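Let us read a protein model together, feature by feature.

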Amino acid sequence: MPSGPKIGWDTLTTGRTQQLSTATGHNLPAARSSFVGRERELGATKRELETTRLLTLTGAGGSAKTRLALEVGRTLTSAYPDGVWLVELAPLSEGAFVPKEVAEALEVSDRPAQPLEDTLAEVLKDRELLLLMDNCEHLLEATARLVNRLLDSCPRLRILAASCEAIGVEGEVRWLVPPLSVP
Ligand SMILES: Nc1ncnc2c1ncn2[C@@H]1O[C@H](COP(=O)(O)OP(=O)(O)OP(=O)(O)O)[C@@H](O)[C@H]1O
Ligand SMILES: [Mg+2]
């Protein structure tokens, strides 16, 4: 099992500001097949992420958005002190579950009497991590709301999204992933 992000209640309740993250963490699944070609796309996505805090890989179903995002994430685990975390939105039926899914991926506990969006914004405030949000297309409004909130509150957070349609928030850079070529 990958190690979880070192984001603790302890920091919040005691107000300590030390970096808890000593080990690089991620929750990315191991690749089941080799990543073929697409070096140019891989390089371009990584370069774009250096200057963009929200990069959305768009494109038709099956154009390899998820695979590219995962591959980028795998190569960047050591570049983000607080890790690279995948949030899979495909199984969610309602936008209301988006914050919960993000919190679960990051192992952030819900706090009684505080909206989960606020807790996430507070916990991630000083974190330098990459969030991979996959399959946002059916929950664009809820995704946009949370993404807006987190980008505003967490200056060192970067988000790489994979979605048939752009999320539609200010500052988003959209990149249309070209279809896979037929051999
Ligand atoms: N460079 C690659 N090398 C090997 N396999 C790849 C590569 N890119 C994509 N694939 C494979 O092609 C298939 C489709 O890719 P992927 O699931 O990433 O598409 P997608 O755009 O995310 O689709 P959807 O819109 O349905 O989520 C997957 O089985 C994936 O593993
Ligand atoms: Mg996909």
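Q: Where do I begin, and what secondary structure does the protein chain have?

A: Start with the elements and their order. Bear in mind that this is a predicted model. The protein chain has six helices and five strands. Along the sequence they run α-α-β-α-β-α-α-β-α-β-β.

Q: How do I read burial, and what percentage of the 183 residues counts as buried?

A: Count the neighbouring C-beta atoms of each residue. In this protein chain, 31% of the 183 residues are buried.

Q: What should I expect of the nonpolar side chains?

A: In soluble globular proteins, such side chains tend to be buried together. In this model, the largest nonpolar core has 39 residues. Leu131 and Leu132 have the most contacts inside that core. Several elements supply at least two core residues each, including strand 1 (54-58), helix 3 (65-75), strand 3 (130-134) and helix 6 (140-153).

Q: Which residues does Leu131 touch, leaving out those up to four places away in sequence?

A: Leu131 touches Trp85, Val87, Leu157 and Ile159.

Q: How do I read one helix, and which residues of helix 3 are buried?

A: List the buried positions, then see what they pack against. In helix 3 the buried residues are Lys65, Leu68, Ala69, Leu70, Val72 and Gly73. They pack against helix 2 (39-51) and strands 1, 2, 3 and 4.

Q: Which residues come nearest to ligand 1?

A: Look at the shell by position, element and class. Of the 17 residues around ligand 1, the nearest are Val36, Ala64, Lys65, Thr66 and Arg67. Helix 3 gives the largest share of this shell, three residues. By class, the shell holds six nonpolar, eight polar and three charged residues.

Q: Why is Arg174 called partly exposed?

A: Its neighbour count decides. Arg174 has 16 other C-beta atoms within 10 Å, so it is classed as partly exposed. A buried residue would need 20 or more, and an exposed one 12 or fewer.

Q: Where is Arg174, and what does it touch?

A: Arg174 sits in strand 5 (residues 173-176). Leaving out residues up to four places away in sequence, Arg174 touches Thr56, Thr58 and Ala166. Arg174 and Leu54 are 120 residues apart in sequence, yet 8.5 Å apart in space, C-alpha to C-alpha.

How values were computed:
Residues numbered from 1 in each chain as written. Chains lettered and ligands numbered in written order. Predicted model: local features only at pLDDT ≥ 70, side-chain atom pairs only at ≥ 80, totals over all residues. Core = buried A, V, L, I, M, F, W, Y, C linked by C-beta atoms within 7 Å. Helix = DSSP H or I, 4+ residues; strand = E, 2+ residues; numbered from the N terminus. Contact = placed C-beta atoms within 7 Å. Near = placed C-beta within 6 Å. Nonpolar A, V, L, I, M, F, W, Y, C, P; charged D, E, K, R; others polar.
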